[in-house]
Amino acid sequence: MRRFRSIVKNEKTISEATYEKTLKELGNCFDLVHRSFHQDEIHIIYLNSLVDSNTLEWEILSPLREMSFNNLEKSFQQSLFKRESNLEDVINGILDGNVSMFAGENTYLINVSGVEERSISQSETETVINGPHDSFNEALKTNVSLIRRRVRSSRLKMIELSVGKISKTKVLLVYIEGIAKMEFVNHLKERIQSVKVDSLTDSNILIQIIDDHQLSPFPQFYTTERPDIAVTKLYAGKIIGLVNDSPNIFCTPSSFFDFFESPDDYNQRWIIGTGVRILRYLALFITLILTAFYVSISTYHYEMIPQSLLQSIMQSRSRVPFPPIVEAIFLEIVIELLREAGARLPTKIGQTIGIVGGIVIGQAAVEAGITSNILIIVVAVSAIASFIVPSYIMSASIRIVRFLFILVAGLLGNIGIFFAFGILIVHLTGLTNLSSPYFMPISPTFFKDWMDSIVRGPFYKIKKGQLAQSLTQNDSEKERN
């Protein structure tokens, strides 16, 4: 028993913050600054890359030059100053942009952080015609302020977590008390706390780690850079997560249909919003099936082609030495190469490469007899349809699935397409996000939510309060009954 007490005492002594231990822990750092005042009675340690030099001068350096050691305690009775004795907490405070001050046996953390950050600008990946144009940036404090400006309520609650053994990245869970279900909040909190990684650099990495189904090609957490979308999700009873140094927030529980919504749907007349949303679902079927259907009828089902069009297709394919499946996959890969090149190159060069490269390569491929004119039209329409999906991550997932449809169509024809489509529906209905059905409100069915998910109904028809996606399983069953 005495030995156990001795060990506890030694561990406590080691964890106590002192000037020497802190200086040793942060040694060999280019931006480390340590200074002494009042004949070495007061020491300060900070990282000059993380502090605001003006605040440092006015709040710490100038007062330390003028005050006496005896008046130290009275002079620092301010909100900027916090007494801390644990070494780990002191180190973390310095890494957050605080100045650590050692005065006798007391240690203080002084908040003078001033990290450079990107200004609030317009999102380049989620553009809208009508509505707000601000977007999140990499600073957690700025992102919280953008949400606070839109939700002026004491019911807006936040839970701070830390992920990463080395990076200690801050993760903030935000929800509205009384609207969001605490079962979901606690479940998400436990799942994030169970993450064991050395570092976390972005919210997109975190959501891949805590996914319910990590082998699925479809994104299960909705992500956005727009504060107006994030606040809309909060009012719907959902939880949003902010990760420090990431401009993307994630939302949960999410459904498949969330990825086909856009703020423009609500910022214009409901008839136009409904029409555009239906167009997106039509684009989904086009990008999945059109190229596969061409491969199917060109390989197995010539009888489905109208007589007037059959001759044109036969003439176009007469010079092509490859079967339709090889021809289609070749063109799809070329389109993906052009898309990726256009995204990675500078904006002006990328647009030129996409337009000129597509025209030149397409015309040259037809003249060389590698592919047919009709297939180029089919692949181009399929590629354009994939751009209509508002979410880039969902669009990329659909493009991957499209290759599977083409392969199955080349092997089994129309039967293969229907089989692949059935497997896709079964897969989507089996997915969950935070244990909530991913294909809701279709499976399970909640007709009341169709007016705000499948279509965009008039505001007086849209159900007020929580969507079924944000309800617990018991509440959902009551809602259905």
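A: Pro444 lies in the loop between β12 and α18. The peptide bond from Ser443 to Pro444 is cis, with omega near -5 degrees. Pro441 is found in the loop between β12 (436-437) and α18 (473-480). Helices here are DSSP runs of H or I with at least four residues, strands are runs of E with at least two, and both are numbered from the N terminus.

Some ground rules. The model is predicted, so to speak of local features pLDDT must be at least 70, and side-chain atom pairs count only at 80 or more, while totals for chains, interfaces and linings use all residues. Numbering starts from 1 along each chain as its sequence is written, and side-chain values use heavy atoms, with hydrogens and water left out.

Ser435 sits in the loop between β11 (432-433) and β12. Its phi is positive, near 65 degrees, although Ser435 is not a glycine.

Now the rings. Tyr438 and Phe439 belong to one aromatic cluster with Phe218, Phe256, Phe257, Phe260 and Tyr281. Rings of Phe, Tyr and Trp (its six-membered ring) pair if their centres lie within 6.5 Å; planes under 30 degrees apart are stacked, over 60 edge-to-face, and the rest tilted. The whole structure holds 12 aromatic pairs. One of them, Tyr19 with Phe102, is edge-to-face, at 5.9 Å centre to centre and 70 degrees between the planes. Tyr19 is in helix α2 (residues 19-25) and Phe102 in strand β4 (residues 98-103), so this pair links parts 83 residues apart. Tyr19 is buried at 14% relative accessibility. Phe102 is buried at 4%. Buried means under 20% relative accessible area, exposed over 50%, and partly exposed in between (1.4 Å probe, protein chains only).

Phe260 and Tyr281 form a tilted pair, 5.2 Å centre to centre with 40 degrees between the planes. Phe260 lies in the loop between β10 (249-252) and α10 (263-266), and Tyr281 in helix α11 (residues 270-299), so the pair ties together parts 21 residues apart in sequence. Phe260 is buried, at 0% relative accessible area. Tyr281 is buried too, at 11%.

Charges also meet rings. The charged end of Arg456 sits over the ring of Phe459, 4.2 Å from its centre. Lys233 lies over the face of Tyr222, at 4.8 Å from the ring centre. The test asks for NZ of Lys or CZ of Arg within 6 Å of the ring centre and within 35 degrees of the ring normal.

Packing comes next. Helix α6 (residues 140-148) buries Leu140, Thr142, Asn143, Val144, Leu146 and Ile147. These buried residues pack against β6 (156-163), β7 (169-176), α9 (227-235) and β9 (239-243). Contact means heavy atoms within 4.5 Å.

Last, a contrast in exposure. Asn28 is found in the loop between α2 and β1. Its phi is positive, about 60 degrees, although Asn28 is not a glycine. Asn28 is exposed, with a relative accessible area of 87%.
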